[in-house]
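Hi everyone, thanks for coming.

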Amino acid sequence: MALTGPSLAFTAALVLLAYLIGSVPFAVVVSKLMGLQDPRSYGSGNPGATNVLRTGNKTAAALTLLGDAAKGWFAVWLAEQLAPGITPAALACVVVAAFLGHLYPIFLGFKGGKGVATALGVLVAIQPWLAVATAATWLIIAVFFRYSSLAALVAAFFAPVYYVFGSGLAWYAQPPLGIALAIIGVLLFYRHRANITRLIQGTESRIGGGKSKK
């Protein structure tokens with residue numbers, strides 16, 4: 001009888017590999033290679049592109065953003081290449097593992113970033129047009145409201161919605177992947193809980209400016 005997907009042991013190995021790939025701290029790596037201060041030692045202390053940008057080095061921030069997105073894409077792509085018959089459920093586990101790697105990286109004592117760029121990379125791997133729609137949502141909110149965190153939260157909410165309602169039109173949704181996207185959305189909201197508090201209080205920093213005057 002032909003197998004319909006990888007064995008449980010091989011699936012577990014793929015999930016672990018995805019987590020390790022997601023754990024690569026590009027903010028720290030890029031900063032070290034470019035002779036910059038460790039991003040965990042200034043600003044928000046968050047090892048992500050937004051905090052790296054606080055150094056004023058846009059190149060370092062861009063490379064961090066690209067690296068964090070690329071690792072999300074690569075982890076999912078690699079699993080599909082190593083296990084061509086991988087089931088949607090197994091792939092969903094890989095997706096969540098790669099994202100968790102960024103949030104709780106083993107290489108940084110399980111203290112990672114907020115995961116926006118990595119989530120985008122995962123979306124590209126799942127369905128490029130879904131990534132485009134989600135990124136467009138982020139951009140629209142960011143331009144009109146000038147809050148990066150609010151844009152991320154709105155995009156995180158709509159990503160699984162787009163995935164479900166776009167099925168049959170631009171792609172065909174797989175329930176396990178839809179659940180994985182919902183889990184990522186919940187985790188993004190959890191990681192942005194301090195930002196949510198500041199948004200409610202009117203003290204969240206705006207894009208290209210200071211804190212709200214409210």
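Let's start with Arg198, which is partly exposed, at a relative accessible area of 30%. For reference, buried means under 20% relative accessible area, exposed means over 50%, and partly exposed lies in between, using a 1.4 Å probe and protein chains only.

A quick word on the source: this is a predicted model, where local features need pLDDT of at least 70, side-chain atom pairs count only at pLDDT 80 or more, and totals for chains, interfaces and linings use all residues. Residues are numbered from 1 along each chain as its sequence is written, and side-chain values use heavy atoms, with hydrogens and water left out.

So what does Arg198 pair with? Its salt-bridge partner is Glu204, with the closest N and O atoms 2.7 Å apart. By salt bridge I mean a side-chain nitrogen of Lys or Arg within 4 Å of a carboxyl oxygen of Asp or Glu. Glu204 is buried, with a relative accessible area of 6%.

How many salt bridges turn up in the whole structure? The search finds three.

Another one joins Asp38 and Arg40, again with a closest N and O separation of 2.7 Å. Asp38 is partly exposed at 26% relative accessibility, and Arg40 is partly exposed too, at 39%.

Then there is Lys71 with Asp68, where the closest N and O atoms are 3.5 Å apart. Both of these residues are buried. They sit three residues apart in helix α4 (residues 58-82), so about one helical turn separates them. Helices here are DSSP runs of H or I, at least four residues long, numbered from the N terminus.

Key
Helix = DSSP H or I, 4+ residues; strand = E, 2+ residues; numbered from the N terminus.
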